[in-house]
Amino acid sequence: MDLLEYQAKEIFAQVGIPILPSQPIQEPGGLKRLNIPYPVVLKSQVRAGGRGKAGGVKFVANTIDAIAAAHAIFHLPIAGEYPEVILAEARYNPQQEIFLAILLDYHLQRPVLLGASQGGMDVDSLLATMQKVVIEERFSPYLCRQLAVSMGLRGSLIESISQILEKMYSLFVSKDLDIIEINPLGINEAGEVMALDGKISVNDAALARHLDLLALTPPQLQSPWSIIDQTGQIAVISNGQGLMSTVWDALASKGARLAAWLILEERLELEQLNEQIEAGLQQFQLLPDLKVVIVDIVSYPDFGQKAIESISNYYRSYSPLSPSRGSGERTIRATRQERQTLQPRSFLNPSLPQIIFRVLADSKAIDLSQSLADVNFHWLEPLEEVVTAAIKLA
């Protein structure tokens, strides 16, 4: 789960990473009650990068200009996302901007400290000056100083940047983060540092341990399933919010009409997982134009296999009408979920959507595809191929 900038900065403040006075704004009229003296900067709160170049960051000197700028920002999509919040923040004049980050390198299976002496929007300069320190065994403040020196910092800045990195690492571990980033970290003439932007990505599998972070999840993602567009043609089933968002963004970038999603809970017992999948598929069948469901799973051991078997069992057993045992008449067969929701199968779309499976890191699940040749499933791995196939089938 990726946090917005203003949410990341609230967490920075908890560990003493310096941030500027700021105020989230939900609508342009809120700027009339701004508690920050002008001039200020208004920032679109979206998860995509490149806000400045896209026009999502504006400097304003008074309330009239701020309200006009806020209207423009609220109506500006960046990578297809409209902001629901704008961050109004005090202006800061840095003499130098640097980049700092800590991320979990899945290839190395280690946390990595990253730093660049040229931060900000110039990606080429940032990459050209990037330095890296791998945490091979256990963390030590010495590693932070090592990175600061390799970045070319001198004097008191080495200590200042090391302290910021230590606080970032404390959050990285305590909050189960995949990424924590400050870009840029501003440095003024006096050598004081200030986090001018922030990015935090929380590991989806750890959200249950952090109720404070889970509360920051958009309301539509707090439900395990959500209907987005009754006329959409493609739905997504995944086992993580970040994974679902990746597929969702890839589909949206191709102009696909998205209908709904279902997020599977990995720690459920098999019977509960079956019920969750069956309930979700029934909700999908209420969508008249739904043609394709993408199942995208990066699985714990055997989880992909269980999910595939559950979906295939639903497809094999699905029949809106089945013979009753007593009179021989054809009656509606209701599941436990149907009885709870009073949604008989006769109301469901009798034509099941086609399924595209993209199951990674689960050899048993991949082997299972050979035994399901009789079911109209598609098996692909590269995300680009999955998206292309889904749009074609839809």
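1. Helices (H or I, at least four residues) and strands (E, at least two) are DSSP runs, numbered from the N terminus. Counted that way, the protein has 14 helices and 18 strands, and Ile158 belongs to helix 6. A word on the ground rules: this is a predicted model, in which local features need pLDDT of at least 70 and side-chain atom pairs count only at pLDDT 80 or more, while totals for chains, interfaces and linings use all residues. Residues are numbered from 1 along each chain as its sequence is written, and side-chain values use heavy atoms, with hydrogens and water left out.

2. Here is the overall picture. Of the protein's 394 residues, 47% are buried, where buried means under 20% relative accessible area, exposed over 50%, and partly exposed in between (1.4 Å probe, protein chains only). The accessible surface is about 19400 Å², with 52% of it belonging to carbon and sulfur atoms; these areas come from the Shrake-Rupley method with a 1.4 Å probe, and for residues only the protein chains shown count as cover. If we take contacts (heavy atoms within 4.5 Å) between residues at least 6 apart in sequence, 67% of them join residues at least 24 apart.

3. Next, helix packing. Two packed helices are described by the angle between their axes and the distance between the axes. The axes used here are lines fitted to C-alpha atoms, for helices over the stretch in contact, and angles run from 0 to 180 degrees between N-to-C directions. Angles under 35 degrees count as roughly parallel, over 145 as roughly antiparallel, 65 to 115 as roughly perpendicular and the rest as oblique. A crossing is left-handed if the near helix is turned anticlockwise from the far one by less than a right angle, and right-handed if clockwise.

4. How do helix 5 and helix 6 meet, and at what angle do they cross? The axes of helix 5 (residues 141-150) and helix 6 (residues 156-174) come within 8 Å and cross at roughly 130°, so helix 5 is oblique to helix 6. The crossing of helix 5 past helix 6 is right-handed. Helix 5 brings Pro141, Cys144, Arg145, Leu147, Ala148 and Val149 to the contact, and helix 6 brings Ile158, Glu159, Ile161, Ser162, Leu165 and Glu166. By type, the residues of this contact between helix 5 and helix 6 are 8 nonpolar, 1 polar and 3 charged; Ala, Val, Leu, Ile, Met, Phe, Trp, Tyr, Cys and Pro count as nonpolar, Asp, Glu, Lys and Arg as charged, and the others, Gly among them, as polar.

5. Ile158 gives a residue-level view of that pairing. Leaving out neighbours within four places in sequence, Ile158 is in contact with Arg145, Ala148, Val149 and Leu153.

6. On the helix 10 side the contact includes Leu270, Leu273, Ile277 and Leu281, and on the helix 11 side Phe303, Ala307, Ile311 and Tyr314 are among the residues. The residues of the contact of helix 10 with helix 11 comprise 9 nonpolar, 4 polar and 2 charged.

7. Please check two peptide bonds in your viewer. Tyr38 and Pro39 are joined by a cis peptide bond with omega about 0°, and Pro39 sits in the loop between strand 1 (22-25) and strand 2 (40-44). Asn183 and Pro184 are also joined by a cis peptide bond, with omega about 5°; Pro184 is placed in strand 8 (residues 177-187).

8. Which residues other than glycine have a positive phi? One is Gln109, with phi near 55°, in the loop between strand 5 (96-105) and strand 6 (110-116). Gln109 is exposed, at a relative accessible area of 62%. Another is Asp176, with phi of about 55°, in the loop between helix 6 and strand 8. Asp176 is partly exposed, at 24% relative accessible area.

9. Finally, Ser22 in strand 1 is partly exposed, with a relative accessible area of 34%. Setting aside residues up to four places away in sequence, Ser22 touches Ile36, Leu87, Ala88 and Glu89. The C-alpha atoms of Ser22 and Ile36 are separated by 7.0 Å.
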